[in-house]
Amino acid sequence: MFEIKHTLCPSCSVGCGINVILDGEEIIGTFPYKRHPVNAGKNCANGRNSIDCYNNKFESLDLNNAIADALKEIQSVDASDVTVICSGNNSIEEIEAIKNFAESNGFNIGFYADNLKDYEDVASYDDIAHAGKVFVIGDLLYENPLIGRRIVHAKENDAKIFALGKNESSVTFNIADETSTSSVQEFLDKFSGEIDDSTVVVFNYVDAAEDLDKFESLNCKILPVFSKSNTKGALGIIDSKSSDEMIELFDSTKVLLVFNDDVVDEFDYDFSKISKIISLACCESNTTEISNIVIPVKSWLEQEGSFVNAMGDVQNFYPVVESDDLGIIEVIEELNK
């Protein structure tokens with residue numbers, strides 16, 4: 001019997017709703033959740049493919065042995081030589097548990113937020129659609145299509161679009177009135193006379209930390225868009241590190257615990273310098289491939305939790321399928337025994 005269950009897309013920080021299609025206990029596909037206020041019946045390719053993590057789950061790994069081996073490695077070194085990595089891929093509840101795990105054991109903790117930061121007051125998605133001018137930093141039409149949809153709506157409402165990208169092939173350039181491949185600072189300075197209280201600046205990257213302060217000084221609304229679903233939520237719980245600070249942390253680490261993140265894909269670093277890498281993940285990634293120990297955990301489709309999307313809305317999700325596997329919080333409980 002076919003069944004439809006609603007959940008959230010974990011692919012970026014926009015916070016779209018998706019419907020998951022089940023045939024009995026088998027997940028066979030997705031389609032957009034038409035009544036969801038964020039995406040209103042639209043999903044990008046990442047949303048449609050978000051069930052791949054479940055369909056490619058680890059099947060043959062021995063959970064008990066993996067936990068025992070991980071505990072042995074953690075206990076073989078000083079606490080100061082252990083680093084725990086969490087990310088916006090983790091739910092609010094998981095981040096709180098990971099933070100407590102690290103702090104109570106005296107471990108280092110690393111959290112990377114795309115070199116971006118949280119802002120107390122940010123633009124809403126509707127603010128983008130109804131802006132008089134939109135400054136777009138990053139190829140959001142390609143990388144965050146449901147935000148891109150709001151930018152297109154703004155264009156249709158006669159807004160002027162200013163786009164900054166890393167190269168001329170940026171998809172966003174196709175709808176922009178003004179384009180640039182300069183630095184963020186040069187871009188904002190060049191068009192500073194166009195920025196007023198009808199402007200929204202939406203961005204998914206910066207060149208330097210100084211850019212973050214520059215955004216805050218602008219006389220307009222701003223919206224950072226993160227690459228991971230709960231980065232904004234994580235920023236409310238734990239301090240983020242820059243990419244340079246993360247590299248420094250790796251250099252001082254002997255045992256690295258990675259909680260549902262792909263640090264190998266994200267950082268240009270020789271991870272062979274770290275003695276032991278332990279990954280908690282539901283499916284294979286570049287990081288699990290180089291890990292000494294992999295602890296299989298539930299995917300987001302098998303558990304409940306909450307994310308905070310880019311504009312600050314807390315969104316809850318619930319299991320789509322039942323599972324006897326352990327989640328990250330339950331594995332932490334085992335590691336603390």
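Q: Is cysteine 44 buried or exposed?
A: Cysteine 44 is buried, at a relative accessible area of 17%. Buried means under 20% relative accessible area, exposed means over 50%, and partly exposed is in between, with a 1.4 Å probe and protein chains only. This is a predicted model, where local features need pLDDT of at least 70 and side-chain atom pairs count only at pLDDT 80 or more, while totals for chains, interfaces and linings use all residues. Residues are numbered from 1 along each chain as its sequence is written, and side-chain values use heavy atoms, with hydrogens and water left out.

Q: What about cysteine 9, buried or exposed?
A: Buried, with a relative accessible area of 8%.

Q: New topic: how many cavities of 30 Å³ or more does a search of the whole structure find?
A: One. On a 1 Å grid over the protein atoms alone, a cavity is a set of points where a 1.4 Å probe fits but cannot get out. Grid points are joined across faces, edges and corners, and the volume is the space filled by probe spheres set on the points.

Q: What volume does the largest cavity have, then?
A: About 110 Å³. It is lined by 14 residues, and those closest to its centre are Cys9, Cys12, Val14, Cys16 and Cys44. Lining residues have an atom within 4 Å of a point.

Q: Now the rings. How are phenylalanine 203 and phenylalanine 215 arranged, and are they buried or exposed?
A: They are stacked, at 3.9 Å centre to centre with 15 degrees between the planes. Both phenylalanine 203 and phenylalanine 215 are buried. Rings of Phe, Tyr and Trp (its six-membered ring) pair if their centres lie within 6.5 Å; planes under 30 degrees apart are stacked, over 60 edge-to-face, and the rest tilted.

Q: How many aromatic pairs does that rule give?
A: The count is 15. Another pair is phenylalanine 135 with phenylalanine 191, edge-to-face at 6.4 Å centre to centre and 70 degrees between the planes.

Q: Which residues form an aromatic cluster?
A: Tyr112, Phe250, Phe267, Tyr269 and Phe271 form one.

Technical notes: 1 Å grid on protein atoms, 1.4 Å probe; cavity = no way out; pocket = protein on both sides within 12 Å on 5 of 7 lines; lining within 4 Å.
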